[in-house]
Amino acid sequence: MTTERIKFYQTGTFTAGNRLLDEATRTVQSRLDRTNSLNSGHRACQGCGEALGARYALDAAMRASHNQLIAVNATGCLEVFSSPYPESAWQIPWMHSLFGNAPAVASGIAAALRAKRRDDVTVIAQGGDGATVDIGFGCLSGMFERNDDVLYLCYDNEAYMNTGIQRSGATPPFARTNTTQAVGEHPGNPIGNGKNVPRIALAHGIPYVATASVADLHDLERKVTKAIGVRGARYIHVHVPCPLGWGSDPAHTMKVARLAVESGLFPLFEAEFGKGIRAVPSVRGRIRKSHLLHADSPQSSCRTLSGATDSIQASVRSAAGHGSPRRDPSNGR
Amino acid sequence: MRMQIEGSQAVADAIALCQPEVIAAYPISPQTHIVERLSRKTKQGHIGRCQFLNVESEFAALSVLIGASASGARTYTATSSQGLLFMAEAVYNAAGLGLPIVMTIANRAIGAPINIWNDHSDSMALRDAGWIQLFAEDNQDAVDLHIQAFRLAESLSCPVMVCMDGYVLTHAYEPVDVPDAVQVNAYLPPYDPVQVLDPERPVSIGAMVGPEAFTEVKYFSHQQHLRALEVMPELVEAFEQHFQRRSGGLCSAYRMEDADIAVIAMGSVIGTIKDAVDELRNTGVRVGCVKIGCYRPFPKFQVSALLEKTTRVIVVEKDLAVGMGGIVSADVQSALQGRQISVHTVIAGLGGRSISTSSLKHMILEARAERLTEPYFLDLNKTVIEQELARRRDIRRAGPVAEHMLQTMNVIGTKVS
Amino acid sequence: MWQIRIHGRGGQGVVTAAELLAMAAFMDGKYAQAFPSFGSERMGAPVVAFCRVAEGAIRTRETVTRPDVVIIQDPTLLHQVDLFGGLAPLGFVLINSTQTLDALHIEEFLSTLPLGHVCAFSATDLGLKYLKRPIANGPLLGAFAAITGLIRLASVESAIQQKFPGAVGEANRAAAREAFDVVTTSITEQRGIVHHAHAD
């Protein structure tokens, strides 16, 4: 199936609903009969990328699974701002257990459903980057290798945000967090550390792996919908800016997310059984306005970061076993 | 049917009869025989549509069951020692969420030093997490307690640990009456959950609870535990009606009618204590034994009632509160508050050390003569201790304690210099 | 109550021997308890297994420190491990060895035991003969039945067959039967020699 980049007809805005699109290409969010799985009234910050991503992802999942869905949440921002006792923003069956066990809890739910012959019910596990890449990593790998029938959604805002902005295994090079502070000539998070969990997911050979971003909500919905239609262990890694943690303007969440995709810092791809990656080509170029730059040494960091993004792209391509993407954009401006 | 069978195998057969729907397994000595047999029985189709998951850690094992139990499935796993600690967070989580999971603890010491043999330090480490803790005296007890455990857990929405001594019971080969499916089905109805993740009726489970309501949630759990003290005897009564034998129960007495001295303990050591009691009785010592079958909740009134006429109590326990002394004895003392009664703490069997009838008899007579230190460490090798203390006084870089003690006892070879 | 202690090395079926003994006793209508004392799974390390047999229920869980019977599956343990510790004055000893007690340097030590209570024979050779493998535990159980009379040979055979159905069980049983005969003969000879001596 070929993907089509949706052009925005309404100038000056980035509306994703778009009444000018035909029915088939409208988002789930644009429909009146959407579930509102994550209902309004939750306590997320203004401009929270995770709240946006979760809402889109889960409503798409509910639609694709004909409303037969159970969700497990790891401890983290999403869980905390959505379930302050005695209220809950969730309109779907939802469970929170611990920080590090969401994949295992979901595996357990899937097993119970299988025992009860309920293979019409879908299980989703979701967590932030900390819960997924670090503390829940063992359980995630276990879920992958057993090919448990669970779709795992990781909302990656690149640090432990709910606890006050600390570095995780998903924090990119040079990034400033409270445990990787830019001090003197030290640029924040060291280069060379960190894990690329989408690539690790590919290496497990599971039925479906994809990266997505709130920058392209149609694409996010499409990937979730596709994943729901597949059986076995599935993984979607969603990039979600955090205005508070990233120091960005809450009104610029979409813009920042788009910059990350277009610069190649967060490449979009999808693959089945670890192969056949379809990647969205990035616009190569200098990163001028990025929250990642350190004031004292913009030039060298920038060059290194450029190099880093090039190597991220290269590694995605080589993991695909393909040559370079079809279109190689011209040199940066 | 009465058969000569290994404890683990009998327990696995009992679990299978209870028809769990999800079993999670992570191996650790000495529980492995249980999960191995269950994996076989699952594949043989003896457990309906049971899903047997080989998971990546004990933490994952209990987490899988948390999800499964919340989805309305009857669930089971087994662990010991380090494994129980590794899942500690999930142990508290399961209790806090009120999920009726049943778990076997094949009691084993906790390291360091690493030790695979039996004592109660593992269950003791998590005694206050909110799980009901039952202790088996022998393998018949172990089989019966597991069947009771599912009914107990599901009626109270509270998880249950069935504790059986690692190797001593798990690997003991002795006669056990393993019930049949008809008996078990009559006693144990299918699991009817109090809370369940269901697309037809969505609920949120696991909310954050702040200062305004946390105390009330905990009080509720506390009350459920106290209710267990009432529910358990009813359940034991019903068990006797269905299976024609008395098994389990909060606590029980052996030759306590006219006993001046009572020896209190839990688990398999009860058998050895009963032999010691009989031998001492033959010499005129009025000693009896009280078995604690349910450790959490602690049956304070029931234990106190059994000790009504005693003037001296000796608590024999396979655990140690480092720097403090006894753990079970502290609970016993709490139950006997206000009574004029001597309570002795005897720390025995740590790390799998065999507890002999002769050592017990000697200890009881010493207690009677007021010659026991408090706490008293049964069969302690004082020479080794004194040598090690002397060594450490003389040398700063004295090296690891355990290795040197083992060298002193000639258990391991001397260092090549 | 009879207390039996079996010594061997990991991988030699010491634990199985104790279980089969307990099973045979169970089949004879007795109460039996068998349990091992061993460490992490490992081949070649010294292993001890215990068994108690009684008419009534056995409650104690302590290790066997005062055995009535000591069975030694691996004679290389002699003089390395305290195999005979606590042995009852009227106890029995079975040793799996091709050598005589004298050659094993234990004849004098065991001479205080009653005549016909000690027997050394090559259970391993019987295992090789019937199973083509150096399995000694089956024959040692047949020997046990012969030397103590505590359990019937028929029960030993039934226990073996239940644990090892088919041809393997058959072969083990045959080995056990021959061991029973070998030991019976040996005991008779031992007692016979004394009678001869007394007669003179």
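These legends go with a few close-up views of a predicted model. Local features need pLDDT of at least 70 and side-chain atom pairs count only at pLDDT 80 or more, while totals for chains, interfaces and linings use all residues; side-chain values use heavy atoms, with hydrogens and water left out. Residues are numbered from 1 along each chain as its sequence is written, with chains lettered from A and ligands numbered from 1 in the order in which they are written.

**View 1. Who touches whom among the chains.**
Two pairs of chains touch, and the pair with the most contacts (heavy atoms within 4.5 Å) is A and B. Chains A and C share no contact: their closest C-alpha atoms are 26 Å apart.

**View 2. Chain B, domain by domain.**
Chain B splits into domain 1 (2–243), domain 2 (251–377) and domain 3 (386–417), with bounds from an automatic or database domain assignment. Going by C-alpha atoms, the centres of domains 2 and 3 of chain B sit 34 Å apart.

**View 3. The open sheet of chain B.**
Here are seven strands with mixed pairing, in the order β3-β2-β4-β5-β7-β6-β13. Strands are DSSP runs of E, at least two residues, and helices runs of H or I, at least four, numbered from the N terminus; two strands pair if DSSP finds at least two bridges between them. β3 (51–54) and β13 (294–296) of chain B are the edges, each with a single partner strand, so one side of each has no neighbour in the sheet. On average, neighbouring strands are turned by 20 degrees against each other, direction ignored.

**View 4. β4 next to β5 in chain B.**
β4 (75–79) and β5 (102–107) of chain B run parallel, paired over four bridges. Look for B:A78 opposite B:T104 of β5(B).

**View 5. A helix across the sheet strands.**
Helix α9 (214–243) of chain B lies across β6 (132–135) and β13 of chain B, at about 40 degrees to β6(B). Axes are lines fitted to C-alpha atoms, for helices over the stretch in contact, and angles run from 0 to 180 degrees between N-to-C directions.
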